[in-house]
Structure formats: structure tokens, C-alpha cells
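Here is a short report on one protein model. It begins with a single residue and then widens to the whole chain.

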Amino acid sequence: AVIKKLREKYHLTQAELAEKLNVSEPTFNRWLRKELSEDLKQKALAAIEQIREEHEAEQGSGKKTLQS
């Protein structure tokens with residue numbers, strides 16, 4: 001539930017997050033349907049944070065973000 005809430009808060013698609021984790025979207029979906037191991041959960045949270053930082057940097061440089 002935490003991953004989904006953060007993903008939605010930062011307007012991230014499952015595909016974006018799966019790409020950052022170097023897995024396919026169907027694999028990522030399977031992970032979400034099951035309880036994530038602590039290792040996978042930490043990787044997903046780190047990927048969300050990285051994407052958020054990238055979006056903020058793009059916004060600061062005047063580039064369009066997903067929120068634009």
C-alpha cells in the first residue's frame with residue numbers, strides 16, 4: 001500500500017517504476033499483488049525517490065514533468 005500511495009502522490013506510472021527497477025511491468029504488477037520482500041520494497045522506494053528528484057530537477061530547469 002505504501003508503494004502505491006507514493007507512486008500516486010508523485011504521479012508515477014507502474015511502467016515508470018518498473019523501468020527504474022529494471023523489471024517488466026507485468027513482473028512489477030506481480031510483485032504488487034504479493035507482499036513485497038523488504039529488499040524489493042526498499043528498491044521500489046529508492047526508485048520512487050530517484051524519479052521524484054529527477055522530476056523536481058526537470059521542473060527547476062523549465063522542462064516539462066509528468067505533472068505539467
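His11 is partly exposed, at a relative accessible area of 45%. Buried means under 20% relative accessible area, exposed over 50%, and partly exposed in between (1.4 Å probe, protein chains only). This is a predicted model: local features need pLDDT of at least 70, side-chain atom pairs count only at pLDDT 80 or more, and totals for chains, interfaces and linings use all residues. Residues are numbered from 1 along each chain as its sequence is written, and side-chain values use heavy atoms, with hydrogens and water left out.

Most residues other than glycine have a negative phi. His11 is not a glycine, yet its phi is positive. Asn22 also has a positive phi without being a glycine.

| Residue | Phi | Relative accessibility | Loop |
|---|---|---|---|
| His11 | about 55 degrees | 45% | between helix 1 (2–9) and helix 2 |
| Asn22 | about 60 degrees | 70% | between helix 2 and helix 3 (25–33) |

The protein has four helices and zero strands. Helices (H or I, at least four residues) and strands (E, at least two) are DSSP runs, numbered from the N terminus.

The largest nonpolar core has 10 residues, among them Leu12, Leu17, Phe28 and Ile48. Such a core is a set of buried Ala, Val, Leu, Ile, Met, Phe, Trp, Tyr and Cys residues joined through side-chain atoms within 4.5 Å. Helix 2 (14–20) and helix 4 (38–60) each give two or more residues to this core. Helix 4 gives the most, with four residues. Of the 68 residues of the protein, 24% count as buried.
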